[in-house]
Amino acid sequence: MRCAVFASGTGSNFKTLLERKSSGELHADFVLMVGNNSKAAAFQHAQDHNIPTLHCAPSHFQSEGEYSEYLLSQLQKYSAEMIVLAGYMKKLPGKIVARYHGRIINIHPSLLPAFGGKGMYGSNVHKAALEYGVKLTGVTVHFVDDEYDHGPIIVQQCLAVQDNDTPETLAQRVLALEHATYWRALEAICCGKLVLEGRRVKDYG
Ligand code: GRF
């Protein structure tokens with residue numbers, strides 16, 4: 001499966017995917033990395049693995065139409081079959097979401113639909129979970145549709161909130177769980193195990 005990875009920041013999830021690919025556990029081909037922030041460490045991870053990179057942000061274009069067309073042309077150029085979002089902070093244009101329907105995945109640091117949606121990223125998610133007082137939180141891998149954090153859920157993993165957790169300690173444990181989870185979801189897709197029935201994703205592995 002030829003994958004384009006979109007990342008805006010540290011790219012620790014991307015790095016983990018690359019490590020699983022190198023160890024032979026993940027059968028994905030990373031053909032392109034797209035980032036909106038040229039300083040993102042994710043660019044370095046791509047370069048370390050000789051993966052072509054593309055620095056491209058909506059602000060570089062006059063309209064969303066031009067931006068979408070350009071992104072689509074690049075995805076086609078590299079024959080990307082799917083898009084893996086790994087800490088990508090921009091909303092994908094509707095045209096790309098429609099073109100790649102059922103072929104875009106994202107990982108979110110909570111048990112959706114709790115603590116998702118616009119503005120729910122980074123420590124905001126963990127602050128909200130602690131303020132609400134949930135006893136369990138975790139990670140969600142989901143297909144992407146045109147609403148934030150809303151598409152069909154592929155897998156969720158949970159962990160217990162401790163009484164002495166802060167947003168920082170929780171973020172650390174959740175991120176480690178993300179690293180253990182994302183590659184498995186992508187591998188299931190690469191092996192053709194997942195079937196989408198309405199909002200339900202069934203694993204016929
Ligand atoms: C992760 O918490 C992920 O759930 C969210 O963005 C963050 C990216 O972290 N979508 P990293 O850049 O992979 O370290």
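This is a predicted model: local features need pLDDT of at least 70, side-chain atom pairs count only at pLDDT 80 or more; totals for chains, interfaces and linings use all residues.
User: What volume does the largest pocket have?

Analyst: The volume of the largest pocket is about 980 Å³. Its lining comprises 37 residues, and the closest to the centre are Gly-87, Tyr-88, Met-89, Tyr-121 and Gly-122.

User: Which helices and strands supply at least two residues of that lining each?

Analyst: They are α1 (12-22), α4 (94-99), β5 (104-108) and α6 (167-190).

User: And how many residues of the lining are nonpolar, polar or charged?

Analyst: The lining of the largest pocket has 14 nonpolar residues, 15 polar residues and eight charged residues.

User: Why does the pocket lie between the domains?

Analyst: The largest pocket lies between domain 1 (1-100) and domain 2 (106-205) because both of them give residues to its lining.

User: Turning to the ligand, which residues surround it?

Analyst: The ligand is surrounded by Thr-10, Gly-11, Ser-12, Asn-13 and Gly-87, together with Ile-107, His-108, Pro-109 and Glu-178.

User: Where does Asn-13 come in?

Analyst: One of the backbone N or O atoms of Asn-13 lies 2.8 Å from an oxygen atom of the ligand.

User: What about Ile-107 and a nitrogen atom of the ligand?

Analyst: A polar backbone atom of Ile-107 is 2.8 Å from a nitrogen atom of the ligand.

User: How much of the accessible area of the ligand does the protein cover?

Analyst: On its own the ligand has 370 Å² of accessible area, and the protein covers 80% of that.

Notes:
Residues are numbered from 1 along each chain as its sequence is written. Side-chain values use heavy atoms; hydrogens and water are left out. On a 1 Å grid over the protein atoms alone, a cavity is a set of points where a 1.4 Å probe fits but cannot get out, and a pocket is an open set with protein on both sides within 12 Å along at least five of seven lines; lining residues have an atom within 4 Å of a point. Grid points are joined across faces, edges and corners, and a volume is the space filled by probe spheres set on the points. Helices (H or I, at least four residues) and strands (E, at least two) are DSSP runs, numbered from the N terminus. Ala, Val, Leu, Ile, Met, Phe, Trp, Tyr, Cys and Pro count as nonpolar, Asp, Glu, Lys and Arg as charged, and the others, Gly among them, as polar. Domain bounds come from an automatic or database domain assignment. A residue is near a molecule or strand if one of its heavy atoms lies within 4 Å of it. A polar contact is a pair of N or O atoms within 3.5 Å; within protein, one must be able to donate a hydrogen and the other to accept it, and residues adjacent in sequence count only if both atoms are side-chain atoms. Accessible areas come from the Shrake-Rupley method with a 1.4 Å probe; for residues, only the protein chains shown count as cover.
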